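Here is a briefing on one protein model.

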Amino acid sequence: MKTNIIKNSILASLLICVGLMFFSCSKESELDRAYEEVKIVGVKINDVLHYPTYDGDNTIVDMPAGTDVSNVALELLVVNGELQGFPQQLKYDARKPMDVSLVGKNGVNKQGKLLVKSAPLLRNLIIEGLIIPQTDIHYSASSIVVQVPELTDLKNLKLTLEFVNGEMVDFQNGVEKDYTNSVPVKVKGIDETTIYNYDLIVTSEQVGPALIKGMTINGIETDSVQVLANNVVVPFVKGLSNFSNANLSMETGFANVVDPSFVGTGLNLMSGNNKVKITGSDGIQMEFTIAQPKLSLVPKTEILFSSLGLGANDLIGSAFSNGSIVIPSHTTNVGMHVYGLNGVRSKILSIQGLTFNHSLRQVASDEKGKILGIALGVNGAAVNVYKWDNVDATPSLYLSHTQQSLGLSYQPRTAGITITGSLDGDATIVITLAGKTDVVVYKVAGGVLNTTPQKLSIPAAGTNYFEVSALPNGRSGYIGTWVNSVIANYGLFSLNNTMNENFKISGQYTTANKFFTYKGRDYVSYTIFQANRGMIMRLIDFTNGELNAFQNPILDVLMPSNAANGNATMDTDIAIINNKLHVMYSCSNIGIRVYQVEE
């Protein structure tokens with residue numbers, strides 16, 4: 001019993017303390033609120049609550065355009081004070097500002113205005129002699145755009161406009177006027193003070209939703225733009241430029257307005273994620289995403305396989321050399337054929353003093369046009385690589401290797417050869433071995449070849465023809481292209497310095513690629529054969545070294561053909577010719593194309 005009395009006593013004491021604390025906190029809160037300013041925080045109009053904005057001591061409520069506010073029930077919700085001399089829930093003519101007096105609990109009173117605003121609304125528009133559907137009249141907060149039939153004479157039109165909640169102050173209805181250019185229209189609002197300004201535009205051009213019709217990127221005009229899902233816009237440009245630091249302007253739909261916050265200078269268009277908001281002539285704003293640009297080019301050179309005079313599957317390699325095209329052949333006039341960019345064969349490279357078994361099979365050139373031709377390598381013979389300084393030069397033996405020198409258990413046969421850099425300076429030569437995973441890498445430093453190669457292995461065996469290109473000196477890694485019997489194991493590969501896979505795009509039937517650095521950016525070209533479609537030619541800006549570059553080529557075009565390619569033989573090369581970047585693609589049984597990718 002005594003224990004219960006003590007417990008009850010303690011409980012009572014706690015409740016008293018809690019009560020005192022609550023009273024103290026409530027009193028403190030009430031005192032704090034007393035020092036806040038009096039304010040209208042809500043306005044009920046015909047029992048619908050609206051949240052106002054403020055301009056000094058004036059309270060503003062924006063209603064939809066054309067709303068009748070001439071006889072509305074008003075109730076003002078006030079905090080930290082009281083409304084004085086303004087009877088609540090009565091009917092008011094709210095077209096003009098109304099005086100409002102507020103008495104604040106902090107002793108500060110306010111005298112202001114209540115402004116219920118409803119902008120003018122275009123009720124009717126008539127053009128004498130024409131029938132204009134409502135769908136062809138586009139009205140927004142700042143413009144009235146009217147689409148009229150083609151061939152309408154805009155110089156002599158009579159228009160009649162009628163507004164709800166507004167009265168025109170400088171426009172005469174039914175008077176003949178020239179509407180070749182926009183005509184300003186001023187409308188006085190229901191408060192008889194506010195002026196609303198509109199551009200009245202009459203046009204026979206197509207009007208409506210926001211639209212991007214074209215772009216100019218670094219001074220180069222697009223020849224088209226493609227709008228994909230979710231308003232993603234792909235610009236197709238007629239020449240390469242620095243898309244990572246681009247100045248961009250847009251050609252938009254008629255009477256479209258680009259959001260002034262959009263800045264079109266210094267854009268990184270390679271991100272593919274630049275946003276721009278555009279308001280159409282229908283008054284609706286849309287947001288567009290500018291995708292990574294793509295090149296839209298006309299071939300500078302096209303040579304059909306049938307005109308080369310080669311045997312089936314014999315267009316194995318191709319390379320640039322100072323404005324000429326060099327291709328090897330083992331079926332017709334064994335040697336290296338030289339073509340001009342006009343598509344005409346001019347000569348065969350000198351084979352004076354050469355010793356090779358089963359012809360020269362593959363070719364590559366460095367960034368200065370020096371040529372390396374490599375023999376296939378059969379019957380235990382050495383695999384020789386010969387060098388031509390240009391298409392008029394006499395060849396010399398550049399390097400040679402054998403099964404024994406490479407420490408192999410099989411006779412090496414050549415699959416492909418690539419050069420990154422300059423043989424007169426620093427370069428990397430990569431020779432792939434047919435039907436194997438083995439790759440032989442030679443280094444050139446200061447123009448001197450290290451005849452002891454590094455032997456590496458790709459992640460999956462290639463066919464008789466495949467290529468690996470080295471990244472430039474000072475950077476580690478490679479680009480690989482090969483095919484085999486497993487779709488998931490072939491395609492375009494990014495490889496590290498030991499040729500382990502970084503990432504890939506699999507399932508692409510490709511055995512040729514070229515890596516080239518130009519004006520501080522890295523480019524990768526590669527050729528794809530697709531049955532019953534032809535030769536697909538792609539160019540990648542690989543400066544960021546990431547997978548999304550593989551996924552978004554800046555050039556992606558097709559040379560149509562139904563011809564087969566039984567040996568998966570194809571090639572590609574990149575070179576500077578006449579101070580412009582050029583890319584070449586070749587595919588057995590289909591042909592050769594050259595693109596000048598700069599204007």
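The largest nonpolar core holds 44 residues. M215, L248, L295, L539 and V597 have the most contacts inside it. A nonpolar core here is a set of buried Ala, Val, Leu, Ile, Met, Phe, Trp, Tyr and Cys residues joined through side-chain atoms within 4.5 Å. This is a predicted model: local features need pLDDT of at least 70, side-chain atom pairs count only at pLDDT 80 or more, and totals for chains, interfaces and linings use all residues. Residues are numbered from 1 along each chain as its sequence is written, and side-chain values use heavy atoms, with hydrogens and water left out.

- Strands are DSSP runs of E, at least two residues, numbered from the N terminus.
- A second, separate core has 23 residues, including L122, V183, V187 and V202.
- Beyond its neighbours within four places in sequence, L295 is in contact (heavy atoms within 4.5 Å) with F236, V237, G239, L240, F243, L539, I554, L555 and V597.

**Hairpin**
- In strand β47 (residues 570–577), seven of eight residues are buried, meaning under 20% relative accessible area (1.4 Å probe, protein chains only).
- β47 and β48 run antiparallel, joined by eight bridges; pairing takes at least two DSSP bridges.
- D573 stands opposite M584 in β48.
- Two residues lie between the strands, and N578 takes a positive phi near 55°.

**Loop residue**
- E150 sits in the loop between β12 (143–147) and β13 (157–164).
- E150 counts as exposed (over 50%) because its relative accessibility is 67%.
- E150 and Q551 are 401 residues apart in sequence and 44 Å apart in space, C-alpha to C-alpha.

Conventions
Helices (H or I, at least four residues) and strands (E, at least two) are DSSP runs, numbered from the N terminus.
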